[in-house]
Number of protein chains: 2
Amino acid sequence: MTNTLKQGSATAASRIYETLRQDLLNGRYRAGERLSIALLRDTYEVGLSPLREALNRLAAYGLLRQENQRGFRVLELSREELADITEMRRQLEGMALELAILHGDEEWESQLLAANHRLSKANAHTPVVEWEHLHSRFHNALVAPCGSAWLLRFISQLHDQFDRYRRVAPRAQELRHQLDSQHQELVDLALNRDSRRARSLIEEHITLSSEVAMRSCR
Amino acid sequence: MTNTLKQGSATAASRIYETLRQDLLNGRYRAGERLSIALLRDTYEVGLSPLREALNRLAAYGLLRQENQRGFRVLELSREELADITEMRRQLEGMALELAILHGDEEWESQLLAANHRLSKANAHTPVVEWEHLHSRFHNALVAPCGSAWLLRFISQLHDQFDRYRRVAPRAQELRHQLDSQHQELVDLALNRDSRRARSLIEEHITLSSEVAMRSCR
DNA sequence: TTTCTAGAAATAATCGATTATTTGACCTAG
DNA sequence: CTAGGTCAAATAATCGATTATTTCTAGAAA
């Protein structure tokens, strides 16, 4: 829910929110690390007020933990939470995909093909950040027309959570291939409106990508 | 996720967050209303910084809409969103109840009986705020041991959203009775570990309470 | 050594004032 | 009249300084 980019001029708080969110997803800060407010202010060259507002948003969003009088911490990583996030993604994205296949129109089909094309063009030279962006876009395109704003919101939120785990995992090439081919299959099943198989496949896809992360977690 | 009461001394920001959250759920502010920051500061007698931090949290949580340089607004109410929230609650609470019935232990059974008892003791003289609190506690007790922190988080969030709609609905006595008896039935089915019927019933329960709100929405 | 307790240092939270942006009234040109 | 533009008032956002709380350190007593 990057709700702040809509209006033209972003405020300092919105800008630092986006920057911090990206840095958190990209693992710039260690899990469990305490974020010193004064240090952050110097690092990002931003005032205290907008910084604190951004930190408050991130805590409410679930990327930081806030303890009264003790500032902000990066959330820990744990196998248990990864399992939780994975299972929730399976359920919610499965549900959303079925709905999207039910409601999606030709415009959706085009967008989906486009997103998949862009993602498949990415290769070993593509920077991780860039790939993650395209990947994110693809999965979003897949479920976009599900018809439920709240479902989409929860899915994005879980995706952000999952990215923190994906980030600590090594880029396993063999699995990478398998995951990539699943993207293609997902498009095919979606265009054929085969919601049963599409749902099974996306669940499998999520489980597989989770397993990659699970290996290197702790 | 009232994550801020844990530590002993709440900060001003945490206190005003909770107060504002309650006031928003209780319909103190009209849907779509713009919240003047200066006015809020005078009303709640609190400084600007903690107030703005609370507003930022509420916006990230989904009870307010934040527009850059244009402050904060109460979210609108719409039939479409109520339908969305209702369907999400059906799916998520249904899922959570099945899991809770699978994992819940004797402690859960006791807590559930207790919560139901307290709720059923409430009568026509009980203040709405008090009843909503007990009702909330009951539904929370029902799904508490589902095993997924994220699922519980989403359910609470949707519950808060739903409460805004419940608040505008009149206290229809006939339906009130039906809803109350469903609470008792839910406890019975849960204790009998009949997850299929329990799931159907909670879905029906949610739909019914949604219909009450739907009538007076717009 | 361990535990407890000042007191100092570090850091989070808050305040009051300032700056930047938007809103709305008024005016003028077409 | 209406459209567009300008200025003043209102209000949101931000800054710099202050206050409150926690954390760290060192010394004293057990």
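## A right-handed helix crossing in chain A

Let's start with a pair of helices: α2(A) passes α3(A) in a right-handed crossing. Handedness here follows the near helix, a crossing being right-handed if that helix is turned clockwise from the far one by less than a right angle and left-handed if anticlockwise. This is a predicted model, in which local features need pLDDT of at least 70, side-chain atom pairs count only at pLDDT 80 or more, and totals for chains, interfaces and linings use all residues. Residues are numbered from 1 along each chain as its sequence is written, while chains are lettered from A and ligands numbered from 1 in the order in which they are written.

Helix α2 of chain A covers residues 37–44 and helix α3 of chain A residues 48–61; they pack at about 110 degrees with axes 10 Å apart. Helices (H or I, at least four residues) and strands (E, at least two) are DSSP runs, numbered from the N terminus. Axes are lines fitted to C-alpha atoms, for helices over the stretch in contact, and angles run from 0 to 180 degrees between N-to-C directions. α2(A) and α3(A) are therefore roughly perpendicular; that label takes 65 to 115 degrees, with under 35 roughly parallel, over 145 roughly antiparallel and the rest oblique.

On the α2(A) side, A:Ile37, A:Leu40 and A:Arg41 meet A:Leu48, A:Leu51 and A:Arg52 of α3(A). Residues are in contact if their C-beta atoms, placed from the backbone, lie within 7 Å. By class, this contact has four nonpolar, no polar and two charged residues. Ala, Val, Leu, Ile, Met, Phe, Trp, Tyr, Cys and Pro count as nonpolar, Asp, Glu, Lys and Arg as charged, and the others, Gly among them, as polar.

## The α8–α9 pair

Now to helices α8 (residues 173–191) and α9 (residues 195–215) of chain A, which pack at about 160 degrees, their axes 10 Å apart. α8(A) and α9(A) are therefore roughly antiparallel, and their crossing is left-handed.

Residues of α8(A) in this contact include A:Leu175, A:Leu179 and A:Leu186, and those of α9(A) include A:Leu201, A:Ile202 and A:Leu208. The contact divides into 10 nonpolar, four polar and two charged residues.

## Two domains in chain A

Chain A has domain 1 (12–74) and domain 2 (79–215), with bounds from an automatic or database domain assignment. Their centres, taken over C-alpha atoms, are 27 Å apart.

Six residues of domain 1 of chain A touch eight residues of domain 2 of chain A. The domain 1 side of that contact has three nonpolar, three polar and no charged residues.

## How the chains pair up

Chain B superposes on chain A by a rotation of 180 degrees with 0.0 Å of shift along its axis (RMSD 0.0 Å).

The contact takes 30 residues from chain B and 30 residues from chain A. On the chain B side, α3(B) gives the largest share, seven residues. By class, that side has 11 nonpolar, 13 polar and six charged residues.

Terms used:
Two residues are in contact if their C-beta atoms, placed from the backbone, lie within 7 Å. Copies are superposed by least squares on the C-alpha atoms of residues with pLDDT of at least 70 in both.
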